[in-house]
Amino acid sequence: MILTTETTVGRVERLGIVATEVVLGMNIFRDVLANVRDIFGGRSGAVQKTLDEAREAAFDDLRIKAAELGADAVIAVDIDYHSISTGSSVNMMMVAVSGTAVRLS
């Protein structure tokens with residue numbers, strides 16, 4: 001269970017902080033489509049799909065790290081999105097996720 005709230009129903013034993021970062025490259029076609037959307041406006045389905053993939057991968061990693069600690073849930077989850085540019089035409093999207101691993105009593 002992954003929650004953005006600080007508490008769950010009942011008592012919990014806090015096991016520690018778990019965190020992960022996922023970086024996905026934007027391929028050339030997604031970059032071109034995103035640039036067109038930037039000029040004309042509108043939503044970029046390609047960028048949204050990349051962010052969805054990165055967020056789900058980060059949640060999966062967070063679940064694994066929490067399970068390794070014996071946790072039943074991760075509370076107070078924070079999700080951050082970042083765009084990384086290498087100075088060339090290469091663009092990458094990063095999703096950083098962290099929270100507190102807890103064991104439910």
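The largest nonpolar core has 13 residues, and Leu62, Val74, Val77 and Val97 have the most contacts inside it. A nonpolar core here is a set of buried Ala, Val, Leu, Ile, Met, Phe, Trp, Tyr and Cys residues joined through side-chain atoms within 4.5 Å. At least two residues of this core come from each of β1 (12-25), α2 (45-68), β2 (73-85) and β3 (91-104). The most is given by α2, with five residues.

The model is predicted: local features need pLDDT of at least 70, side-chain atom pairs count only at pLDDT 80 or more, and totals for chains, interfaces and linings use all residues. Residues are numbered from 1 along each chain as its sequence is written, and side-chain values use heavy atoms, with hydrogens and water left out.

**Overall make-up**

- The protein has two helices and three strands, where helices (H or I, at least four residues) and strands (E, at least two) are DSSP runs numbered from the N terminus.
- Read from the N terminus, the order of elements is β-α-α-β-β.
- Of the 105 residues, 30% count as buried; buried means under 20% relative accessible area, exposed over 50%, and partly exposed in between (1.4 Å probe, protein chains only).
- The protein exposes about 6,600 Å², of which carbon and sulfur atoms supply 55%; accessible areas come from the Shrake-Rupley method with a 1.4 Å probe, and for residues only the protein chains shown count as cover.
- Among contacts (heavy atoms within 4.5 Å) between residues at least 6 apart in sequence, 75% join residues at least 24 apart.

**Sheet**

- The three strands form an open sheet in the order β1-β3-β2, with antiparallel pairing; two strands pair if DSSP finds at least two bridges between them.
- The edges are held by β1 and β2, each with a single partner strand, so one side of each has no neighbour in the sheet.
- From one strand to the next, the twist averages 10°; axes are lines fitted to C-alpha atoms, for helices over the stretch in contact, and angles run from 0 to 180 degrees between N-to-C directions.
- The antiparallel strands β1 and β3 are joined by 13 bridges, and arginine 14 stands opposite valine 102 in β3.
- The antiparallel pairing of β2 and β3 runs over 11 bridges.
- Aspartate 78 stands opposite serine 98 in β3, and histidine 82 has methionine 94 in β3 as its bridge partner.

**Valine 74**

- Not counting residues up to four places away in sequence, valine 74 touches Met1, Ile2, Leu3, Val18, Leu62, Ala66, Gly99, Thr100 and Ala101.

**Threonine 20**

- Threonine 20 is found in strand β1 and is buried, with a relative accessible area of 4%.
- The side chains of threonine 20 and aspartate 61 are joined by a polar contact of 3.4 Å. A polar contact is a pair of N or O atoms within 3.5 Å; within protein, one must be able to donate a hydrogen and the other to accept it, and residues adjacent in sequence count only if both atoms are side-chain atoms.
- Neighbours within four places in sequence aside, threonine 20 is in contact with Ala58, Asp61, Leu62, Lys65, Val95, Ala96 and Val97.

**Glycine 70**

- Glycine 70 lies in the loop between α2 and β2 and is partly exposed, with a relative accessible area of 31%.
- Leaving aside neighbours within four places in sequence, glycine 70 is in contact with Leu15 and Arg103.
- The C-alpha atoms of glycine 70 and arginine 103 are separated by 7.0 Å, with the two residues 33 apart along the chain.
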